Amino acid sequence: MYIGLADPEERDEWNKFVVKHSDSEFLQSWGWGEFQKSYGRRVWRFIVRQDEKIYAVGMAVCSELVRGRHYVYVPRAPIFNQELSRDRKRVIWSLFTQQWRLIGLESNSIFIRIVVKYFFIIFFK
């Protein structure tokens, strides 16, 4: 299982996955990302795959604040394949959070706002 950036050629595959595995989550649609880009915001689209099968997708948007400051906004992501076990979702969640953190550091953001659809309670031993 690996996480990587989506290519523009994967637009249709991305949108089909979002429609199939979410409740009309337009904030993760490819078009919403393009809309954000039209306002000069940077957009990252990540896909988690294994053997060419998509397990999750998630988009992050970097917006500018005053005085050259930035923040990263992750709207209602990631969207998981509904067939995944809870343990798989935890692993994938950690892959996404690592990437979002790197985006925050790279863009010199002062915070990352992650708005999730589902809350996960993770217990540490």
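**View 1. Arginine 76 in the loop between S4 and S5.** Arginine 76 has its place in the loop that lies between strand S4 (70-75) and strand S5 (79-80), where strands are DSSP runs of E with at least two residues and helices are DSSP runs of H or I with at least four, numbered from the N terminus. The model is predicted, so that local features need pLDDT of at least 70 and side-chain atom pairs count only at pLDDT 80 or more, whereas totals for chains, interfaces and linings use all residues. Residues are numbered from 1 along each chain as its sequence is written, and side-chain values use heavy atoms, with hydrogens and water left out. Although arginine 76 is not a glycine, its phi is positive, at about 55°. With a relative accessibility of 29%, arginine 76 counts as partly exposed; buried means under 20% relative accessible area, exposed means over 50%, and partly exposed is in between, with a 1.4 Å probe and protein chains only.

**View 2. The cis peptide bond between alanine 77 and proline 78.** Alanine 77 and proline 78 are joined by a cis peptide bond, with omega at about 0°. Proline 78 belongs to the loop between S4 and S5, which is also the place of arginine 76. Most peptide bonds are trans, and most residues other than glycine have a negative phi.

**View 3. Arginine 67 in the loop between S3 and S4.** Arginine 67 is found in the loop between S3 and S4, and its phi is positive, at about 60°, although arginine 67 is not a glycine. Is arginine 67 buried or exposed? Its relative accessible area is 84%, so arginine 67 is exposed.

**View 4. Phenylalanine 46 and the largest nonpolar core.** A nonpolar core is a set of buried Ala, Val, Leu, Ile, Met, Phe, Trp, Tyr and Cys residues joined through side-chain atoms within 4.5 Å. The largest such core has 20 residues, and those that touch the most other members are Phe46, Val48, Ile92, Phe96, Trp100 and Ile103. At least two residues of this core come from each of strand S2 (42-50), strand S3 (53-64), strand S4 (70-75) and helix H3 (86-106), with H3 supplying the largest share, six residues. A second, separate core of twelve residues includes Phe17, Val43, Ile47 and Ile54.

**View 5. Glycine 4 in strand S1.** Glycine 4 lies in strand S1, which covers residues 2-5, and its relative accessible area of 22% makes it partly exposed. Which residues are in contact with glycine 4, leaving aside its neighbours within four places in sequence? They are Arg45, Phe46 and Ile47. From glycine 4 to leucine 95 there are 91 residues in sequence and 10.0 Å in space, C-alpha to C-alpha.

**View 6. Arginine 42 in strand S2.** Arginine 42 lies in strand S2 and, at 40% relative accessibility, counts as partly exposed. Not counting residues up to four places away in sequence, arginine 42 touches Ala60, Val61, Cys62 and Glu106. Arginine 42 and valine 18 are 24 residues apart in sequence, and their C-alpha atoms are 20 Å apart in space.

**View 7. Glutamate 25 in the loop between H1 and H2.** Glutamate 25 is found in the loop between helix H1 (11-21) and helix H2 (30-38), where its relative accessibility of 8% means that it counts as buried. Glutamate 25 and lysine 37 are twelve residues apart in sequence, while the distance between them in space, C-alpha to C-alpha, is 18 Å.

**View 8. The protein chain as the setting for the close-up views.** The protein chain has three helices and six strands. For its 125 residues, a compact globule would have a radius of gyration near 14 Å, and the chain agrees with this at 14 Å; the radius is taken over C-alpha atoms, and the globule rule is 2.2 Å times the number of residues to the power 0.38. Of the 125 residues, 42% count as buried, and among contacts between residues at least 6 apart in sequence, 60% join residues at least 24 apart.

Conventions
Contact = heavy atoms within 4.5 Å.
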